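Hello,

The structure I promised is below, with my notes after it. Please read the notes with the sequence and the 3D view open.

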Amino acid sequence: MSRALVIDDEFAELEMLALVLEAEGFVVDKAGDGLRALEMLRAQTYDLVLCDFRMPIMSGIALLTTMREDAKLAATPFILMTDRYEKIGDPSVPVIVKPVRMQVLRAVVASLLKPKN
Amino acid sequence: MTNPTDQDALDGRLLTHVPGLDVLLDGGLVHGGVYLLMGYPGTGKTTLSNQVCFSHVERGGRAVYVTLLAETHARMLRNLEAFDFFRPEAIGSSLIYLGAYMVLQEKGLGGLLQMLRQVIVDERPTLLVIDGISSAQALGASDVALKEFVAELQVMADMSGCTTLLAATMTSEQASAPEHSIVDGLIELTLKRQSQRTFREIEVLKFRGANHFLGCHHLEIARSGVIIRPRTELLLARRPHAPSATEMRRAPTGVPNLDTLLGGGFLTGSSTMLLGFAGSGKTMLSLHFLDAGARAGEAGLHFGFYESPDRLLEAADAVRLPLRKHVESGLVDLVWQPALKYELDALGDALLANVARRNVKRVVIDGLDGLRQAAVYPERVIRFITALVNELRSLDVTLIFTEETLKLFGPEVELRIPGMSALVENIILLEYLDVGSELRRLLSVVKQRASGYDTSVRELCITDNGITLAEDAHSARDILLGLEKLAAGGAVNPGSSRGGVRGRSR
C-alpha cells in the first residue's frame, strides 16, 4: 500500500489533506513542521510528500532542499502547497496554491504517481 | 422581481433559487462560503434550508443535510412533503440526510468535525447544511470551541468548495460575537406580531463579497416554499430606468369634457389622484379611463381592493361601458386583492408582474387605502408608492389612484397619506353638494404638473351612459351661487371649501 506524508502547521488543513489522500488509497502520516517530517522520512519510506511552504522550525522549501541533497530521499515525489505562487526552480515539484481544492489535489497526485493497493 | 440568472452561477455564486433570496443577496451565496442562518423555531429555517438543498440537487448539485437535533429525519421529511419543492427521489442519492446528535453528544465538536471531514471527502457535497448548531452550546460547548469549530468548517469549505449553511436556534442578540465575526454571512429570520397580525421577516445582517439589501424584508411560507419579498422601494431603486420620453403625449380619460380641462387628457407616464367621498364617481371615472385606453389598443389594469371584478363589470354594464368586452379580449385585467390578505411587497410584485407580462399602459389602483392597510409599517407606504410611481413612469404607464376623502361635506380635504399630494402629478377633486333636496357633484382639476389646465369647476353627472361633465362652468357656478344665496338667507350652515357655502354639515 502506498504511503504518504502530509506536513502542515495548520491542524484543520492537515486533517483534511490527510483524509483526502486516505480516500485515494494512501496510508497517511502527519507532521506539523519540516524537522519532524525529516525525522519521519529517514525512518520510513514514503511514496509521496505533500508539504506546506511556510512552516515554523523548518520550512517546506528547506525540507525539499535537504531531501534533494540526501541520495535516499532525493527521488521521493514531492508536492508543495503555498498561499501564493512561488517559483521554486524545480519543474519536478508541482506547486498548488492554497486554499487547496480537493479535486485539484486529486488531479495533481494522479498525474504525479499512481497509489499501490 | 427578476431573479439572477444561471450566468451568475458561473461567477462564483451559488444560486439558492429561493424566490427573492438571490436578489436579497445580490447574486446568491458565494461558493465555499460559511453562513449562519438564525431564528427561533417557527421562523422558517428548516424549510428554507431544505428548499435550498432540493433546489440545488435539482440543478445537478450534491447536498448533505446534517441534523444535530433530537428530531428524527422521518419526522422532518414528513413535514416537508406538503411543499412543491419536495422531491423524494433525490433523497439518498444526490441529497443525503445524516443525524449527528449522538456524535456531538458523545464526542463533542471534535468528533463532529471528524465526521464532517469524512462526509465531505466521501460524499463530495457542493452544499452542506448543519441544522441545530445551537445544540452544541446546549451540550456545553464554549464560545471559543464554537469559534474554532466554525474556523475549521471554513477550511473544509475552502478546500472542498462546499457552501455551508449553519442553522441555529438563536437570535442575532444571542449569538456570540466570535460566530458573528468568523462566518461569511449572517441571516436572521424573525416572527413578529403587530396588533393581531403575525408576519415573518428576513434580514441579512452580514454578507461578505456582495452588495446585499439591508434591513428587514417580508418572508412568507406558501405551498411552493419560502418566498422572500425584498422591499419594493429598494428593489426598484437598483433597477436601471429608461430615460423619460421627450415627446409629451396624452392619455385621454374617456370623458370628453374632462380631457378638455386637462388639455387633451393625462400626460402619459403621469400619476393622478382621484379624490372624493364614496359614490362621488371615482371608480366610474377610472373605468372610463381604462375603456378609453382599450379602445386605443392599450392594455389596462384595474388593481382594486373593494369591488370584485363581477361588481365592476355590472357597474360598467349599467352605464353601457364596454368593459366586459375589453376584459374578455384580454385588453383590460381586473385584479381584486381582498384587504389585508396580502402584504405590501407582494402587492407590488403582483402589480408590476402584470404590467410587464401584458405590456400594460394604463393602471388604476382602487384605492390607496388598500395599500395603506396592507402595510405592516405605515411609514413605509409613501416610500413604496413613490417607488411604484417612479417605476411606472419609467415604463410610460399612466396611473390613477383613487382615494376616499373622510368627509362627505365640508371645507377641508384630508389626505391620509402624508406626501401624496406632492408625489402625484395630477389631482382631481370630486365633491358632493347638498342643494336643497338634491345631491349634486362637482369636479375640479386641482393640479396638473408640467402642463396647463382649465381651473374651472364643472358639474359631474353619472347617467345611464356613464360619467358626463358639463361643457362649461355655468351650471357649477349657478349651484354655488344658489347655495351662497341660501346661506345668506340663513337656510344652510356654512362649511364650504370655496369661501361660500358648498355643502352642509350633518
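**Notes on chain B**

Chain B exposes about 21,200 Å², of which carbon and sulfur atoms supply 51%. Of its 506 residues, 54% count as buried. The chain has 17 helices and 22 strands. Taking the contacts in chain B with a separation of 6 or more, 68% are between residues 24 or more positions apart.

Please keep in mind that this is a predicted model. It scores ipTM 0.75 and pTM 0.83. The average pLDDT of chain B is 87, and 89% of the residues score at least 70. Residues 491–506 of chain B are another matter: pLDDT stays under 50 there. The model still has 42 contacts beyond four places in sequence for residues 491–506 of chain B. Where pLDDT is low, the predicted coordinates should not be read in detail.

I went through one helix in particular, helix 3 of chain B, which spans residues 73–80. Which of its residues are buried? They are B:His73, B:Met76, B:Leu77 and B:Leu80. These lie on the same side of helix 3 of chain B, because they cover an arc of only 95° around the axis. The cover over these buried residues includes helix 2 (45–58), strand 4 (63–67) and strand 5 (95–99) of chain B. On the face turned away from the buried side, helix 3 of chain B carries B:Arg78 and B:Asn79, which are exposed.

Regards

Terms used: Residues are numbered from 1 along each chain as its sequence is written. Chains are lettered from A and ligands numbered from 1 in the order in which they are written. This is a predicted model: local features need pLDDT of at least 70, side-chain atom pairs count only at pLDDT 80 or more; totals for chains, interfaces and linings use all residues. Side-chain values use heavy atoms; hydrogens and water are left out. pLDDT is the predictor's confidence in each residue, from 0 to 100. Contact means heavy atoms within 4.5 Å. Helices (H or I, at least four residues) and strands (E, at least two) are DSSP runs, numbered from the N terminus. Buried means under 20% relative accessible area, exposed over 50%, partly exposed in between (1.4 Å probe, protein chains only). Accessible areas come from the Shrake-Rupley method with a 1.4 Å probe; for residues, only the protein chains shown count as cover. The arc is that of the directions from the helix axis to the C-beta atoms.
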